[in-house]
Amino acid sequence: LREAKERIAALTAELNSGKNELIDTNRALESQRMSERNLNKDLEKAREAARTYASIEEAAHNLERQLESVVRDKDTLANRIKVLEATNVAKDADMDGVVRQLSAAAAFEPQVEMLAAQLEADRVTARRIQQLLDESR
């Protein structure tokens, strides 16, 4: 009987020790599960941040391409304006010359008719230039 009691006491001690070990193991397992959940949340946040960063990078590249296009368009328009300004200066100079020629030649009918034809040609050219200017806008 004494041996049985001792054996029961020893088994009870082993059982209690096993229970305590099981409780500790369950706590450690639950702690690991919480750590895993937290790490999974952090991983999802990191993935979302990476997706956001990729979207921002793509938007930045798109903006860079748009800026390059705007700069090219601006340069093209600036060059076109220079050409049109030079054309207008030349047109004004031609018109001034025609007016001076007509004034000087008013006494000579054949020369006046010739200059009038030249003036008409200049006017046609001026209208064509104006039409081209209007179309370019």
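**View 1. Arginine 51 forms a salt bridge with glutamate 44.** The closest N and O atoms of arginine 51 and glutamate 44 are 3.0 Å apart. A salt bridge here is a side-chain nitrogen of Lys or Arg within 4 Å of a carboxyl oxygen of Asp or Glu. Both partners are partly exposed: arginine 51 has a relative accessible area of 42%, and glutamate 44 has 39%. For these labels, buried means under 20% relative accessible area, exposed means over 50%, and partly exposed is in between (1.4 Å probe, protein chains only).

This is a predicted model, in which local features need pLDDT of at least 70 and side-chain atom pairs count only at pLDDT 80 or more, while totals for chains, interfaces and linings use all residues. Residues are numbered from 1 along each chain as its sequence is written, and side-chain values use heavy atoms, with hydrogens and water left out.

View 2. Which residues pair with glutamate 30? One is arginine 33, with the closest N and O atoms 4.0 Å apart. Another is arginine 37, and here the closest N and O atoms are 3.3 Å apart. Glutamate 30 and arginine 33 are separated by about one helical turn because they sit 3 residues apart in helix α1 (residues 2-104). Helices (H or I, at least four residues) are DSSP runs, numbered from the N terminus. Look at the accessibility too: glutamate 30 is partly exposed at 35%, arginine 33 is partly exposed at 40%, and arginine 37 is partly exposed at 42%. In total, the structure holds 7 salt bridges.

Side chains of opposite charge can pair when their charged atoms come close. The next two views show charged residues without such a bridge.

**View 3. Aspartate 122 is buried yet has no salt bridge.** You will find aspartate 122 in helix α2 (residues 109-136). How far away is the nearest side chain of opposite charge? That side chain belongs to arginine 123, and it is 8.6 Å away. Lys and Arg count as positive and Asp and Glu as negative, while His and the chain ends are not counted. Leaving aside residues up to four places away in sequence, aspartate 122 touches Asp94, Met95 and Val98. Contact means heavy atoms within 4.5 Å.

**View 4. Lysine 91 is also buried and has no salt bridge.** Lysine 91 lies in helix α1. The nearest side chain of opposite charge is that of aspartate 92, 5.3 Å away. Not counting residues up to four places away in sequence, lysine 91 touches Ala126 and Gln130.

Note on methods
Helix = DSSP H or I, 4+ residues; strand = E, 2+ residues; numbered from the N terminus.
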